[in-house]
Amino acid sequence: MRIEQLEYLAAVTQHGSLRRASERLHISQPALSEALTKLERELGVTLLDRRRSGARISRQGQDLLQNMVDVLEAVDRLRQAAGDQGTATRLLRIGTVNAATSTLLVPALRLFQDRHPGATVEVLDAQQPEIHQGVVEGSLDLGLVNVLAGDDAPADLAGTALVHGRPVVVLPLGHPLAAQPAVTIDQLREERFVAMRAGYLMHRFAHRLFEGRMPRRCHTTDGAEMGKLMVAEGLGITVLPDYSVVGDPLERTGLLVCRPIAGDETAVTLVLRHREGQLPGRVRDLRAALVEVARGRRTPEPTGTVMEVVPSQTA
């Protein structure tokens, strides 16, 4: 067994195919495949499910993944201790549904960068099911998702609650409904609406809120960031978690405002998903940066109350 074989497996797990991994590693795809086949024969297990759509780590591979990551982390620490400054640090990948990007994720990345100047982080926008699958399979190190009260947590993942909030109506500057203390569901239904695409929690919430009778005029988009831009440009109004809006640059400059939904008491939480057990060192540090920023986040709501910030707790 060679260290590079474990690095090859980690690359295929991250990038989802032998082709993309070989491009990132700058080796030929046949050479990469042969190296992993030899590792499978040596260990006596099938590490990859090879399909036309790409290669994914197998269930047996998932069971061994944490041990392999531990080995690679130990090798990285050894190289650093030996003063090998030319060694590239492992790429960290975090998936996000685009909630609290500018108010939580970006400040946490800045804090992490200050502590690890040589580290590299890749942020991927994805839907919640894709994020859960990526964290389970190892293609993502961490995942940020929205959770409604009563949602079941994935059995094979741990979770750290970062921020509690509630869904609010997001309106452009000067919209007539912004003059009201709250917006009713009937008023929402009469407006042009910007909905999240299926797979996002706010898609599920909107269908529940409107009891299946969505507004007649409705745009659809991926993620909160595009939704906020569309609202700011006057293309409609939307519903998002308050922690995705309050403190956002568009809200701070007055291009967006948000109001409560009259009669709705739904709770929504931003949760950090990660694998069970001991996390690799820098993944653990990135998680700690997210928790630290969440703890220090004290953002006033439009109603004058203060959004609740949840101390670190693992589900």
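Residues are numbered from 1 along each chain as its sequence is written. In this predicted model, local features need pLDDT of at least 70 and side-chain atom pairs count only at pLDDT 80 or more, while totals for chains, interfaces and linings use all residues, and side-chain values use heavy atoms, with hydrogens and water left out.

Q: What makes Glu 40 count as buried?
A: Buried means under 20% relative accessible area, exposed means over 50%, and partly exposed is in between, using a 1.4 Å probe and protein chains only. Glu 40 has 11% relative accessibility, so it counts as buried. It's found in helix α3, residues 29-43. Leaving out residues up to four places away in sequence, Glu 40 touches Val 45, Thr 46, Leu 47, Leu 48 and Arg 50, where contact means heavy atoms within 4.5 Å.

Q: How much of the protein chain is buried?
A: By that cut-off, 51% of the 315 residues.

Q: How many helices and strands are there in the protein chain?
A: You get 11 helices and 12 strands. Both are DSSP runs, numbered from the N terminus: helices are H or I with at least four residues, strands are E with at least two.

Q: Why is α1 called oblique to α2?
A: Helix α1 (residues 3-15) and helix α2 (residues 18-25) pack at about 120°, with axes 8 Å apart. Axes are lines fitted to C-alpha atoms, for helices over the stretch in contact, and angles run from 0 to 180 degrees between N-to-C directions. Under 35 degrees is roughly parallel, over 145 roughly antiparallel, 65 to 115 roughly perpendicular, and the rest oblique. That makes the pair oblique. Residues making the contact include Tyr 8 and Val 12 of α1 and Leu 18 and Leu 25 of α2.

Q: What makes α1 roughly perpendicular to α3?
A: Here the packing angle is about 110°, with the axes 9 Å apart. That puts α1 roughly perpendicular to α3. Among the contact residues are Leu 6 and Leu 9 of α1 and Leu 36 and Leu 39 of α3.

Q: How do you know that the buried residues of α9 line one face of the helix?
A: The buried ones in α9 (residues 223-232) are Gly 223, Ala 224, Gly 227, Lys 228, Met 230 and Val 231. Looking down the axis, they fall within an arc of 165°, so they line one face; the arc is that of the directions from the helix axis to the C-beta atoms. They pack against several elements, including β7, β10 and β11. Just after α9, Gly 234 takes a positive phi of about 80°.

Q: How do you know that β7 pairs with β10 and with β11?
A: Two strands pair if DSSP finds at least two bridges between them. β7 (residues 167-172) has 4 bridges to β10, running antiparallel, and 5 to β11, also antiparallel. Val 169 has Val 239 of β10 as its bridge partner, and Val 168 stands opposite Pro 260 in β11.

Q: Why do β10 and β11 stand at the edges?
A: The open sheet has 3 strands in the order β10-β7-β11. β10 (238-241) and β11 (256-260) each have a single partner strand, so one side of each is left without a neighbour in the sheet. Neighbouring strands are turned by 45° against each other on average, direction ignored.

Q: What makes β11 mostly covered?
A: In β11, 4 of its 5 residues are buried.
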